[in-house]
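Subject: Structure for you to look over

Hello,

Here is the structure I said I would pass on. My notes on it follow below.

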Amino acid sequence: MSRKTAPTQGRMSGRFPRMPAVTPLPGARVGPATEWIEILVMPQEEPGPYVPSPQRDRSLAHKAACEDSRQFRDRVLSFLQARHLMGAVRWISEPGSMPMVTLHGTSRVLEQLQQSPQFEAGRTTQLEMYT
C-alpha cells in the first residue's frame, strides 16, 4: 500500500516563486515585472595583426592589467550614467585582471551597450542547476 494519499498536480520541483531581489531606486523606469538579465561587456577590439608582448615581470603585467580593468569599468559606469541607465542596473562587478564587466540589468541596458561602438556586449546563458 502506498503512503501517498493525494495525487500530485503537475511536475514538482524544488523551485520557489521569483521574488524581486532589490527595490528599484526612486525615479527608475523599472516596473514590477522587470526581468533582470546578466550582461557581459568587453572593450571593442581593433582589427590588426597579432603582436606578442615582450617578456616582462609578471607582477608588473598583472598590475597593468588590473589598472586597465579599473579604467574600463569606469568607462562603462560613465556610459551608463551619461545615458541615465543606472536605475535599470542593479549590480555591477568589481574590476579584476581583465577588461571585462559583468552586470545585472534590463534588456534596455543591453541594447544601449550593443549600439555603442566602444563596447562588445552580450547576454549570458541561464543555467538551471539541480543537485
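Helices (H or I, at least four residues) and strands (E, at least two) are taken here as DSSP runs, numbered from the N terminus. The model is a predicted one: local features need pLDDT of at least 70, side-chain atom pairs count only at pLDDT 80 or more, and totals for chains, interfaces and linings use all residues. Residues are numbered from 1 along each chain as its sequence is written, and side-chain values use heavy atoms, with hydrogens and water left out.

Overall layout

The protein has two helices and four strands, and their order along the sequence is β-α-β-β-α-β. Contact means heavy atoms within 4.5 Å. Of the contacts between residues at least 6 apart in sequence, 72% join residues at least 24 apart. The accessible surface is about 10800 Å², and carbon and sulfur atoms account for 55% of that; areas come from the Shrake-Rupley method with a 1.4 Å probe, and for residues only the protein chains shown count as cover. I call a residue buried under 20% relative accessible area, exposed over 50%, and partly exposed in between (1.4 Å probe, protein chains only). On that scale, 22% of the 131 residues are buried.

Salt bridges

A salt bridge is a side-chain nitrogen of Lys or Arg within 4 Å of a carboxyl oxygen of Asp or Glu. The count by this rule is four. One of them pairs R123 with E35, at 3.1 Å from N to O. Because R123 lies in strand β4 and E35 in the segment before β1, this pair ties together parts that are 88 residues apart in sequence. R123 is partly exposed, at 48% relative accessible area, and E35 is exposed, at 52%.

R70 is partly exposed at 35% relative accessibility, and D74 is partly exposed with a relative accessible area of 35%. Salt bridges also link E67, R70 and D74 in a network.

E94 and R73 form a salt bridge too, with the closest N and O atoms 3.8 Å apart. This pair links distant parts of the chain, since E94 is in the loop between β2 and β3 and R73 is in helix α1, 21 residues apart. E94 is exposed, with 59% relative accessible area, whereas R73 is buried, with 14%.

The core

A nonpolar core is a set of buried Ala, Val, Leu, Ile, Met, Phe, Trp, Tyr and Cys residues joined through side-chain atoms within 4.5 Å. The largest one here has 19 residues, and those touching the most other members are I39, V41, V76, L80, L103, V109 and L113. At least two residues of this core come from each of β1, α1, β2, β3 (101–105), α2 (107–115) and β4. The largest share comes from α1, with five residues. In soluble globular proteins, nonpolar side chains tend to be buried together.

Apart from its neighbours within four places in sequence, L103 has contacts that include I37, I39, V41, V76, L80, V89, W91, I92, V109 and L113.

What is buried in α2, and where does it face? The buried residues of α2 are V109, L110 and L113. Seen down the helix axis they fall within an arc of 100°, so they line one face of α2; the arc is that of the directions from the helix axis to the C-beta atoms. The cover over these buried residues includes β1, α1, β2, β3 and β4.

Surface and local points

L40, M42, M98 and M100 make a nonpolar surface patch of about 310 Å². Patches consist of residues with over 30% relative accessible area and no salt bridge, where like charges are joined within 9 Å and nonpolar side chains (Val, Leu, Ile, Met, Phe, Trp, Tyr) within 5 Å. L40 sits in strand β1 (residues 37–43) and is partly exposed, at 32% relative accessibility.

T124 is in the segment after β4 (119–123) and is buried, at 18% relative accessible area. Leaving out residues up to four places away in sequence, T124 touches E38 and L40.

H84 is not a glycine, yet has a positive phi of about 55°. H84 lies in the loop between α1 (58–82) and β2 (89–92) and is exposed, at 65% relative accessibility.

Regards
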